Amino acid sequence: MLNGHYASAASAALLFCALASAARGSEIKIAVAGPMSGSSAAFGLQMRDGAAAAVEALNASGLLPDTRVIMSVADDACDPKQAVAVANKITTERVRLVIGHFCSSSSIPASDIYAEAGIVQVSPGSTNPQLTERGLQTVFRICGRDDQQGTAAAEYIHRNHPNAKIAVLDDKSTAGKGIADVVEAQLQRFGEQVIRQSYVAGEKDYRALVSRIKQDGVRVVYIGGYHTEIGLFVRQASEAGAGLIVMANDPLMTSEFWAITSTAGNGTLFTFMPEPARNANAAGVVAGLNASNLSAEGYTLYAYAAVQAWAEAVNRTGSLNAARVATALRSRAIDTVIGPVRFDTKGDNAVPGFLVYRWRDGRVETVEQN
């Protein structure tokens with residue numbers, strides 16, 4: 001299924017020697033760390049399934065000769081303290097790669113631990129810029145950044161709803177507040193008037209917030225947060241007849257959002273990277289996932305690509321040393337299931353931008369932009 005992606009074997013002899021000395025027997029350990037429980041578990045499961053499928057393909061490919069990659073899964077529940085505990089445990093297990101974490105509030109503190117331990121970290125979903133702004137050479141993200149995502153959202157709102165009354169909400173989390181700050185600042189640069197509000201993640205009743213927004217004559221609401229709370233807000237706003245145009249960030253790329261809102265979610269806008277499941281180069285992987293009753297939605301293929309990029313870097317260098325692998329990851333583009341991945345000096349993927357999507361009758365559609 002993936003021989004094309006794992007085709008380069010020029011350094012196989014050198015790699016064999018490195019693996020024989022560095023791995024325990026013929027096994028290399030990697031880990032997926034993210035929310036496997038709690039309200040964001042849908043994203044942790046996407047990461048787990050994508051990474052597991054990539055490991056299966058990698059082991060079948062022969063790219064890392066006479067070696068088997070073993071994957072473990074760690075649950076941080078999107079809690080920073082739990083993420084630190086997970087990271088500390090992982091550093092004792094001879095793990096060479098961490099795919100994770102998902103929530104920026106987890107990835108950022110965990111990254112210091114991985115960097116000190118000499119473990120490569122590639123996050124499929126942490127979009128807060130601070131993850132890669134601290135000069136940690138073994139920390140990468142394969143998704144986009146919130147300064148890109150927030151700009152795309154603000155431009156869309158300004159272009160399509162100029163001079164509308166706008167509210168920008170956030171859930172006070174690292175990711176939610178971070179993206180909302182970007183959107184608010186960009187809208188203000190465009191001359192738009194913005195009302196700013198916050199709510200507490202985990203709340204169930206948003207009727208009072210909806211009522212205040214409705215009384216203020218707000219037409220457009222941008223929300224930085226996660227799909228559970230945003231879904232409840234959208235449903236309760238619909239029930240109140242608020243007539244709002246709602247736009248949010250990337251965690252709306254999950255079918256669980258529609259399960260919460262049903263038809264009340266029609267028209268809800270959000271930003272996400274180009275969806276790789278629709279690309280021809282991902283067809284074989286998507287078919288394999290579907291055959292296993294797994295979905296390729298959201299971050300699944302981004303986690304898959306993170307494993308691919310690391311494996312190709314190991315192959316290029318003939319080494320499991322984190323510093324050498326990190327240098328190889330930055331050296332040139334790597335072909336993956338999401339397309340070419342090119343990490344810059346900070347560790348950000350220079351390729352993906354953000355598109356605007358819309359929920360319509362239980363499906364996600366790309367919004368045409370002029």
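Tutor: Start with strand β8, residues 220-224. This strand is mostly covered, with five of its five residues buried. Keep in mind that this is a predicted model.

Student: Which way do the residues of β8 point?
Tutor: V220, Y222 and G224 point one way, while V221 and I223 point the other way. All of them are buried.

Student: What does β8 pair with on the β6 side, parallel or antiparallel?
Tutor: Strand β6, residues 166-170, runs parallel to β8, and five bridges join them. As one example, V168 has Y222 in β8 as its bridge partner.

Student: How many bridges join β8 to β9?
Tutor: Four, and these strands are parallel too; β9 covers residues 245-248. There, V221 is partnered with V246.

Student: What sort of unit do β8, α8 and β9 make?
Tutor: A right-handed β-α-β unit, with helix α8 spanning residues 227-239.

Student: Let's stay on α8. Is Q236 in there buried or exposed?
Tutor: Q236 is found in helix α8. Its relative accessibility is 8%, so Q236 counts as buried.

Student: Which residues does Q236 touch?
Tutor: Setting aside residues up to four places away in sequence, Q236 touches K204, D205, Y206, R207 and V210.

Student: And how far is Q236 from A323?
Tutor: They are 87 residues apart in sequence. In space, C-alpha to C-alpha, they are 50 Å apart.

Student: New topic. What is the strand order in the open sheet of five strands?
Tutor: The order is β2-β1-β3-β4-β5, and the pairing is parallel.

Student: Which strands sit at the edges?
Tutor: β2 (68-75) and β5 (139-141), each of which pairs on one side only. On average, neighbouring strands of this sheet are turned by 20° against each other, direction ignored.

Student: How many bridges do β1 and β2 share?
Tutor: Eight, in the parallel sense, with β1 at residues 27-34. Within that pairing, A33 stands opposite A74 in β2.

Student: Which strands do helices α3 and α4 lie across?
Tutor: Helix α3, residues 80-90, lies across β1, β2 and β3, at about 155° to β2. Helix α4, residues 104-117, lies across β1, β3, β4 and β5, at about 160° to β4.

Student: What about rings? How many aromatic pairs are there?
Tutor: The structure holds 11 aromatic pairs. Take F272 and Y302: their ring centres are 6.2 Å apart and their planes are at 90°, so the pair is edge-to-face.

Student: Where do F272 and Y302 lie?
Tutor: F272 lies in strand β10 and Y302 in helix α11, so the pair ties together parts that are 30 residues apart in sequence. Both F272 and Y302 are buried.

Student: Which residues do ring pairs link into a cluster?
Tutor: F43, F102, Y226, F272, Y299 and Y302.

Student: Last one. Where is T132, and is T132 buried or exposed?
Tutor: T132 sits in the loop between β4 and β5. With 4% relative accessibility, T132 counts as buried, because the cut-off for buried is under 20%.

Student: What does the T132 side chain make a polar contact with?
Tutor: The side chain of R145, at 3.4 Å. Leaving aside neighbours within four places in sequence, the contacts of T132 are V139, R141, R145, K346, G347 and D348.

Methods:
Residues are numbered from 1 along each chain as its sequence is written. This is a predicted model: local features need pLDDT of at least 70, side-chain atom pairs count only at pLDDT 80 or more; totals for chains, interfaces and linings use all residues. Side-chain values use heavy atoms; hydrogens and water are left out. Buried means under 20% relative accessible area, exposed over 50%, partly exposed in between (1.4 Å probe, protein chains only). Helices (H or I, at least four residues) and strands (E, at least two) are DSSP runs, numbered from the N terminus. Two strands pair if DSSP finds at least two bridges between them. A crossover is right-handed if, with the strands pointing away from the viewer, the path from the first strand over the helix to the second runs clockwise. Axes are lines fitted to C-alpha atoms, for helices over the stretch in contact, and angles run from 0 to 180 degrees between N-to-C directions. Contact means heavy atoms within 4.5 Å. Rings of Phe, Tyr and Trp (its six-membered ring) pair if their centres lie within 6.5 Å; planes under 30 degrees apart count as stacked, over 60 as edge-to-face and the rest as tilted. A polar contact is a pair of N or O atoms within 3.5 Å; within protein, one must be able to donate a hydrogen and the other to accept it, and residues adjacent in sequence count only if both atoms are side-chain atoms.
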